[in-house]
Amino acid sequence: MSQQTRRRERLRAWQSVVRQEAEKYWASGQSAVTGLVMLQVTYFYDSVAIDVDNIVKPIQDAIIGLAYIDDDQVTDVLVRKRNLSGNFKVENMTSILAEGFSRGNEFLHVVVIDAPDQEVLI
């Protein structure tokens with residue numbers, strides 16, 4: 001993804017793919033959230049991992065108008081990367097996450113939830 005940000009055409013193409021995939025899983029008839037949200041992104045990779053700071057912005061932009069009205073609603077972001085060959089425990093497995101693992105190659109798992117209490121810092 002960091003390579004794609006250097007080339008605008010590739011960035012737009014990649015954001016389009018992210019958007020199309022997000023639309024598949026966004027509940028039909030569900031409107032974009034209007035309140036503050038938290039974005040959780042996990043990048044499950046199988047070879048070379050990119051820097052986590054290069055992951056979030058293109059994804060955040062790709063789902064504007066679908067998950068939320070504008071990305072200024074995103075108050076909190078959690079971005080992780082995990083090696084598919086590594087050992088980790090998955091709690092609260094969802095069908096969408098299970099589908100990602102069943103494909104056997106790298107994938108993104110993106111969750112948009114209500115923002116945490118804005119008056120609590122830690």
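Predicted model: local features only at pLDDT ≥ 70, side-chain atom pairs only at ≥ 80, totals over all residues.
Q: Two strands pair if DSSP finds at least two bridges between them. How many bridges join strand 1 to strand 2?

A: Strands (E, at least two residues) and helices (H or I, at least four residues) are DSSP runs, numbered from the N terminus. Here 9 bridges join strand 1 to strand 2, and the two run parallel. Residues are numbered from 1 along each chain as its sequence is written, and side-chain values use heavy atoms, with hydrogens and water left out.

Q: In what order do the strands form the sheet?

A: The open sheet has 3 strands in the order 2-1-3, with mixed pairing. Strand 2 (74–83) and strand 3 stand at the edges; each has a single partner strand, so one side of each lacks a neighbour in the sheet. From one strand to the next, the twist averages 15 degrees; axes are lines fitted to C-alpha atoms, for helices over the stretch in contact, and angles between N-to-C directions run from 0 to 180 degrees.

Q: Which strands does helix 4 lie across?

A: Contact means heavy atoms within 4.5 Å. Helix 4 (residues 95–103) lies across strand 1 and strand 3, and runs at about 170 degrees to strand 3.

Q: Which residues have the most contacts inside the largest nonpolar core?

A: Such a core is a set of buried Ala, Val, Leu, Ile, Met, Phe, Trp, Tyr and Cys residues joined through side-chain atoms within 4.5 Å. The largest one has 18 residues, and L39, I55, I59 and Y68 have the most contacts inside it. Helix 2 (8–25), strand 1 (37–45) and helix 3 (56–62) each give two or more residues to this core, and strand 1 provides the largest share, 5 residues. Beyond four places in sequence, the contacts of L39 include V56, Y68, L78 and V111.

Q: Is I113 buried or partly exposed?

A: Buried means under 20% relative accessible area, exposed over 50%, and partly exposed in between (1.4 Å probe, protein chains only). I113, in strand 3 (residues 107–114), has a relative accessible area of 33% and is therefore partly exposed. Leaving out residues up to four places away in sequence, I113 touches L36, V37, M38 and Q40.

Q: What pattern does the protein follow along the sequence?

A: Its 4 helices and 3 strands follow the pattern α-α-β-α-β-α-β.
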